[in-house]
Amino acid sequence: MFKHFFTQDTLLVGLVAGLGSLLVTALLLTVCTFHLSPLTSHLSWYAGCFIPPLLIMRYYVKLQKSTVVKTIIVTLFITFIAFMFLLFKTHSLNLNP
């Protein structure tokens, strides 16, 4: 059932693959760092959550599924902008030397 779902070239597949991989990676990272210290001290580590959607996007590019690829690109762009906004708001990322 899942194999047939992920072979389609639809918007829903792109959202599930892109956001799903982001959320699963973020959840695993949260569980792994839960005992180390507060979440805000390791906030920049969540940049690694953007790697799995890029690899999934590469897979769908090879399959020539343009709708899924476009959806993953838009999803990555929106979540990356939100992530950068969060880093600036929490002062985890500073542009001042």
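Colleague: How do you know that Y60 is in contact with F6, V13 and K65, among others?

Modeller: A contact needs heavy atoms within 4.5 Å. In this predicted model, Y60 meets that cut-off with F6, V13, A17, K65, V68, V69 and I72, leaving aside its neighbours within four places in sequence.

Colleague: Okay, on to S21. Why is S21 called buried?

Modeller: Buried means under 20% relative accessible area. S21 comes in at 11%, so S21 counts as buried.

Colleague: Where does S21 sit, and what does S21 touch?

Modeller: S21 is part of helix α2, which covers residues 11-33. Not counting residues up to four places away in sequence, S21 touches V16, P52, P53 and I56.

Colleague: How do you know that the side chain of S21 has a polar atom within reach of A17?

Modeller: The cut-off for a polar contact is 3.5 Å between N or O atoms. From the backbone oxygen of A17 to a polar atom of the S21 side chain, the distance is 2.9 Å. Since 2.9 Å is within 3.5 Å, the pair passes on distance.

Colleague: Now the whole chain. What makes up its secondary structure?

Modeller: There are 4 helices and 0 strands, and from the N terminus on the order is α-α-α-α.

Colleague: How many of the residues count as buried, as a percentage?

Modeller: Out of 97 residues, 24% count as buried. As for the accessible surface, about 7,000 Å² in total, 76% belongs to carbon and sulfur atoms.

Colleague: What share of the contacts links residues 24 or more positions apart?

Modeller: Among contacts with a separation of 6 or more, 61% are of that kind.

Colleague: Last one: which residues line the largest pocket?

Modeller: The lining is L19, L22, L23, A26, L43, Y46, C49, F50, T79, F83 and L86. Helix α2 supplies the largest share, 4 residues, while α2 and α4 each supply at least two. The volume of this pocket is about 220 Å³.

Key
Residues are numbered from 1 along each chain as its sequence is written. This is a predicted model: local features need pLDDT of at least 70, side-chain atom pairs count only at pLDDT 80 or more; totals for chains, interfaces and linings use all residues. Side-chain values use heavy atoms; hydrogens and water are left out. Buried means under 20% relative accessible area, exposed over 50%, partly exposed in between (1.4 Å probe, protein chains only). A polar contact is a pair of N or O atoms within 3.5 Å; within protein, one must be able to donate a hydrogen and the other to accept it, and residues adjacent in sequence count only if both atoms are side-chain atoms. Accessible areas come from the Shrake-Rupley method with a 1.4 Å probe; for residues, only the protein chains shown count as cover. On a 1 Å grid over the protein atoms alone, a cavity is a set of points where a 1.4 Å probe fits but cannot get out, and a pocket is an open set with protein on both sides within 12 Å along at least five of seven lines; lining residues have an atom within 4 Å of a point. Grid points are joined across faces, edges and corners, and a volume is the space filled by probe spheres set on the points.
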